[in-house]
Amino acid sequence: MNSVSPDFWYKKKVLVTGHTGFKGSWLSIWLDLLGADVYGLSLDPLTKPNLFDELSTQPLFIDSFICDILNYDSIQSIVEKVKPDIVFHLAAQPLVRESFIDPVGTWNVNVIGTMNIIKACLTNDIGKCSLVLITTDKVYKNNEWSFGYRENDALGGIDPYSSSKAAAEICIASMRKSFCGNLDYQFSNKFLTSVRSGNVIGGGDWSTDRIIPDIVRALHEQKEVIVRNPLSTRPWLHVLEPLRGYLLLAQKQHSESVSLNAMNFGPNVTSNRSVNDLVMEALKNWNGSYKSVHNSGAYHEASNLHLQSDYAFHCLGWTSLLTFEDTIRLTIDWYKKYYSGQSAAECCISDLEYYTSLFN
């Protein structure tokens with residue numbers, strides 16, 4: 001069950017919200033290579049360069065709708081037009097520090113936007129539809145534990161981003177329990193599951209305020225890498241790892257007509273490493289130097305954060321396949337190949353071929 005099935009995905013109509021983002025772009029190219037009919041719904045990309053624009057120069061077959069997920073009428077119209085078999089909802093305000101600057105906007109996008117997607121898929125006469133709704137590992141009430149959080153641990157969130165995602169989890173669970181089922185007021189052909197993944201890294205991320213893009217920008221410009229919070233630990237996960245989990249989950253939901261409980265996708269315990277470890281491993285693959293800085297006025301971020309993924313293993317046969325070292329090597333090599341003249345699509349396809357060889 002831990003293998004992504006091209007036979008399942010061939011000609012499936014798949015709607016990806018947030019397809020212009022880093023994870024959404026990776027998911028879209030994978031789905032396209034699997035033979036799915038891929039539709040994207042998102043705002044314009046936020047950075048220059050960005051993976052979506054880089055991939056759009058290649059012969060990929062993705063129908064793109066530029067739309068705000070807070071505009072329910074537009075969302076409803078797009079869902080009605082596409083009639084998706086599968087929906088992956090990744091559109092979000094994804095940054096902790098941005099959430100301090102705009103907490104209301106963060107909550108609107110992450111909570112109301114999610115509700116809009118669910119409502120449009122439930123209430124439109126679009127046939128059987130499976131929704132995989134992506135939140136974050138930061139939804140848990142963080143006690144700075146040294147062991148991993150499980151899906152039934154308390155939700156919480158000190159910062160506006162984490163709390164907005166925890167609230168989205170409550171909304172998703174409520175909609176699933178209220179409207180998915182066989183009662184008169186429920187929908188027997190709609191299935192909802194939320195997923196929580198670790199700190200996702202990989203090639204093609206040029207986002208602001210993220211550790212890998214910051215490292216790569218500095219190394220590419222032959223500058224010193226500046227590191228904040230070097231002792232903070234995170235469950236580092238290559239982007240293809242959780243995406244494989246999302247694909248497996250959608251396969252199971254749609255094939256078995258079942259909604260599942262919220263599910264973690266985190267790396268094995270040896271990949272729960274400090275920011276300092278991440279930087280040092282990156283510098284083994286691309287020569288450079290770094291220094292740590294302390295910012296006493298920095299916004300609050302969790303120091304320790306780990307996930308347990310037993311449920312994903314027992315339900316889907318999913319487990320992370322890449323070591324911490326392989327994750328960093330693949331990520332840094334992507335950028336080195338890109339800056340040496342390979343196209344983003346070539347870099348992504350190369351990584352996908354290597355990764356899928358691990359489970360095919």
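User: Why are helices α10 and α12 called oblique to each other?

Analyst: In this predicted model, α10 (residues 275–285) and α12 (residues 324–339) pack at an angle of about 55°, with their axes 9 Å apart. Angles under 35 degrees count as roughly parallel, over 145 as roughly antiparallel, 65 to 115 as roughly perpendicular and the rest as oblique, and the two helices are therefore oblique. Residues are numbered from 1 along each chain as its sequence is written. Local features need pLDDT of at least 70, side-chain atom pairs count only at pLDDT 80 or more, while totals for chains, interfaces and linings use all residues, and side-chain values use heavy atoms, with hydrogens and water left out.

User: What makes aspartate 32 count as buried?

Analyst: Aspartate 32, which lies in helix α2 (residues 22–33), has 14% relative accessibility. Buried means under 20% relative accessible area, exposed over 50% and partly exposed in between (1.4 Å probe, protein chains only), so aspartate 32 counts as buried.

User: Which residues does aspartate 32 touch, not counting those up to four places away in sequence?

Analyst: With contact meaning heavy atoms within 4.5 Å, aspartate 32 touches Val38, Leu60 and Phe61. The C-alpha atoms of aspartate 32 and leucine 60 are separated by 6.9 Å, although these residues are 28 residues apart along the chain.

User: Which residues have the most contacts inside the largest nonpolar core?

Analyst: They are Trp9, Trp26, Trp30, Leu31, Phe88 and Trp334, in a core of 69 residues. Such a core is a set of buried Ala, Val, Leu, Ile, Met, Phe, Trp, Tyr and Cys residues joined through side-chain atoms within 4.5 Å.

Technical notes: Axes are lines fitted to C-alpha atoms, for helices over the stretch in contact, and angles run from 0 to 180 degrees between N-to-C directions. Helices (H or I, at least four residues) and strands (E, at least two) are DSSP runs, numbered from the N terminus.
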